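Subject: Structure handover

Hello,

Here is the structure for your files, with notes on its salt bridges and on one helix below it.

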Amino acid sequence: MRKKENVEKKLIDSFKNLAVRMAVKKITIQEIAEGAGVIRPTFYNHFQDKYQLLEYIFKEEVIAPVKPMIQNDMLDDAVILIFVQMLKDREFYGKVYRLEGQNSFESIVKSSLYETLLDFIEENSHNKVSPHKLLSHEALASYYSEFLGFIVITWIRDGMIASPQEMRDLFNYIKDHSLYEIIREME
């Protein structure tokens with residue numbers, strides 16, 4: 001088991017090093033493997049493709065540390081931690097967010113958040129059903145993952161200038177106010 005983790009770490013480091021230097025779409029599996037000091041088939045023993053590797057990185061480095069906070073009703077801290085974790089690898093995330101298309105980074109962010117939020121909702125709903133027919137667990141998880149995912153991607157696109165606390169405050173402001181209230185407060 002230890003050897004597998006070591007190889008995965010080398011593949012992650014290799015991919016990150018390449019991603020800060022070139023567009024993700026141009027990175028080959030061969031380049032990732034060579035940078036990790038392994039042969040190409042070894043890459044496929046761990047990941048299906050570079051997009052699965054990117055998703056693995058995001059889930060392990062950003063989502064995994066956040067899950068216990070969400071499960072312990074610490075949403076404010078969890079939102080801050082998302083941004084803190086991404087700031088640790090600012091250059092990497094500043095490059096990979098540009099990945100568009102079928103395997104876009106934005107879709108990776110939103111699907112990872114969706115899975116995490118859906119698990120939380122299902123664990124905490126105790127089989128209760130919303131009085132609103134269209135507000136299923138999946139719909140609720142989708143709404144919040146799209147919303148938070150949009151904030152994350154916009155933050156990266158804007159250069160990651162706002163602090164994690166400012167991003168948490170923005171998330172809470174939009175979450176806690178109606179569209180009409182927000183419009184009325186605009187200058």
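A search of the whole structure, which is a predicted model, finds 9 salt bridges, each being a side-chain nitrogen of Lys or Arg within 4 Å of a carboxyl oxygen of Asp or Glu. One of them joins the side chains of Glu61 and Lys16, at 2.7 Å from N to O. This pair links distant parts of the chain, with Glu61 in helix α4 and Lys16 in helix α1 (residues 2–19), 45 residues apart. Helices here are DSSP runs of H or I with at least four residues, numbered from the N terminus. Lys16 is buried at a relative accessible area of 12%, while Glu61 is partly exposed at 26%. (Buried means under 20% relative accessible area, exposed over 50%, and partly exposed in between, with a 1.4 Å probe and protein chains only.) Lys16 and Glu61 also belong to a network of salt bridges with Asp89.

Another salt bridge pairs Lys175 with Asp176, the closest N and O atoms being 2.9 Å apart. Lys175 is partly exposed at 32% relative accessibility, and Asp176 is partly exposed at 48%.

A further salt bridge, between Glu106 and Lys110, has its closest N and O atoms 2.8 Å apart. Both residues lie in helix α7, 4 residues apart, or about one turn of the helix. An α-helix has 3.6 residues a turn, so residues three or four places apart point the same way. Glu106 is partly exposed, with a relative accessible area of 29%, whereas Lys110 counts as buried at 14%. Beyond its neighbours within four places in sequence, Lys110 is in contact (heavy atoms within 4.5 Å) with Ser145, Glu146, Gly149 and Phe150.

As for α7 itself, the helix covers residues 105–124, 20 residues in total, and reaches 29 Å from its first C-alpha to its last. That is close to the expected 28 Å, which is 1.5 Å times one less than the number of residues. Its buried residues include Phe105, Ile108, Val109, Leu113 and Ile121. The buried residues of α7 pack against α4 (50–71), α5 (75–87), α6 (90–96) and α8 (137–157). Just after α7, His126 takes a positive phi of about 50°.

Residues are numbered from 1 along each chain as its sequence is written, and side-chain values use heavy atoms, with hydrogens and water left out. Local features need pLDDT of at least 70 and side-chain atom pairs count only at pLDDT 80 or more, while totals for chains, interfaces and linings use all residues.

Regards

Conventions. Helices (H or I, at least four residues) and strands (E, at least two) are DSSP runs, numbered from the N terminus.
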